[in-house]
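Hi everyone, thanks for coming along. Let me put the sequence and the structure up on the screen, and then we can walk through a few parts together.

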Amino acid sequence: MDCQEKLEVPVYTDVDRDTFLRDIYPLRRPAVLKRVPLGPCVRAWTVSYLAQKGGDREVKVHVSSEPRMDFLHKNFVYRTLPFDKFIQRAAEAKHSDFFISEDESYYLRSLGEDVRKEPADLRKQFPELAEDFHIPQFFEPEQFFSSVFRISSPGLQLWTHYDVMDNLLVQVTGRKRVVLYSPKDALYLYLTGDKSEVLDIDTTDLQLYPEFVKASRYECILEPGDLLFIPALWFHNTLALQFGVGVNVFWRHLPPESYDKKDPYGNKDPVAASRALQSLERTLGILEELPPDYQDFYARRMVLRIQSRAYLSSLMWVNYDMTCR
């Protein structure tokens, strides 16, 4: 998007645990990490190898006739396929076997054994493939939350959203573009829950989303073997430039009690944030007892109160932004 300020994501090479924890992690900004040892997966995970090792285990996948998937309006359907068949279809541009159309797109976000209770863990769902993949030890073992297979058809674009846990997006095979937006730009992203309503981030309808131009755009291209550190609350949008296989590794960086214990996906807001948002809804309901002009006046007072109590100061954001450039 030409109207937005564009910033590059910094790139680090040969990053070990000490370097990550000392020089990268404290900055709380995205970073591309190159030449981090991942094991044989980068060379071994061809389509035929994945199909053989993954076998006929059934997986639930997103299928869409459009390459830009929209979670808010659900322009996709869920279908179940054996993993080996899914891999073969996802790698194709045109399909002889299909659900919707011969050029449909596929996306796998792997799930736990009990999807209502257990987070995804590559070591449990795909143990033979997990042997090829070495999780970077950039966090303590007890902080580990999930390791998620993310496998996309070429050209597939996923909606802009944020996660509440820190994570590493490991691009094992294929190339992927990732666009990120800072948490401070949340006001310009037209949020519904944790997702942005702005689907087309490259040629956005500015009559519909005029504030979107105010958001600064961070962009990077992930090559096979690259990692992207995505701090919690950073918005991200991915575009598969090729058929690609990735592993998303999430870990808890807040105290364990901060997270919803009944959240196997790891995408629910922290417990305190959820309580605050629920209280806000109740407060807005109370305001509706007043005439509209009073509602407006006291809502503005509330905004000022929130800004003075909870916003980072302008100086803190300036210092934060300077570290990101």
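In which sense do S4 and strand S6 (residues 105-109) pair, and over how many bridges? The two strands pair in the antiparallel sense, over 3 bridges. Here, pairing means that DSSP finds at least two bridges between two strands, and the element names are DSSP runs numbered from the N terminus, with helices (H or I) of at least four residues and strands (E) of at least two.

Before going on, some housekeeping. This is a predicted model, in which local features need pLDDT of at least 70 and side-chain atom pairs count only at pLDDT 80 or more, while totals for chains, interfaces and linings use all residues. Residues are numbered from 1 along each chain as its sequence is written, and side-chain values use heavy atoms, with hydrogens and water left out.

Back to S4, residues 58-64. Its other partner on my list is strand S5 (residues 77-82), again antiparallel, over 6 bridges. If you want landmarks, Val 63 has Val 77 in S5 as its bridge partner, and His 62 has Tyr 107 in S6. S4 is mostly covered, with 5 of its 7 residues buried; buried means under 20% relative accessible area, exposed over 50%, and partly exposed in between, using a 1.4 Å probe and protein chains only.

Helix H4 (residues 83-90) is also mostly covered: 6 of its 8 residues are buried. Those include Phe 83, Phe 86 and Ile 87, and also Asp 84 and Arg 89. What do the buried residues of H4 pack against? Among their partners are S4, S5, S6 and helix H3 (47-54).

In the loop between H4 and S6 you will find Glu 102, which counts as partly exposed at 44% relative accessibility. Setting aside neighbours within four places in sequence, Glu 102 is in contact (heavy atoms within 4.5 Å) with Ala 93, Lys 94 and His 95.

Now for the charges. A search of the whole structure finds 18 salt bridges, each one a side-chain nitrogen of Lys or Arg within 4 Å of a carboxyl oxygen of Asp or Glu. My pick is the one between Arg 177 and Asp 202, where the closest N and O atoms are 3.0 Å apart. That pair links distant parts of the chain, 25 residues apart: Arg 177 is in strand S10 (residues 176-181), and Asp 202 is in the loop between strand S12 (195-196) and strand S13 (217-222). Arg 177 is buried, at 9% relative accessible area, whereas Asp 202 is partly exposed at 28%.

Asp 202 also meets Arg 217 in a salt bridge, at 2.8 Å from N to O. Arg 217 lies in S13 and Asp 202 in the loop between S12 and S13, so this pair ties together parts that are 15 residues apart in sequence. Arg 217 is buried too, with 3% relative accessible area. Put together, Arg 177, Asp 202, Arg 217 and Glu 219 are linked in a network of salt bridges.

One last thing for those of you who check backbone angles. Most residues other than glycine have a negative phi. Arg 28, though not a glycine, has a positive phi of about 55 degrees, and Arg 35 has a positive phi near 60 degrees. Arg 28 is partly exposed, at 23%, while Arg 35 counts as exposed at 58% relative accessibility.
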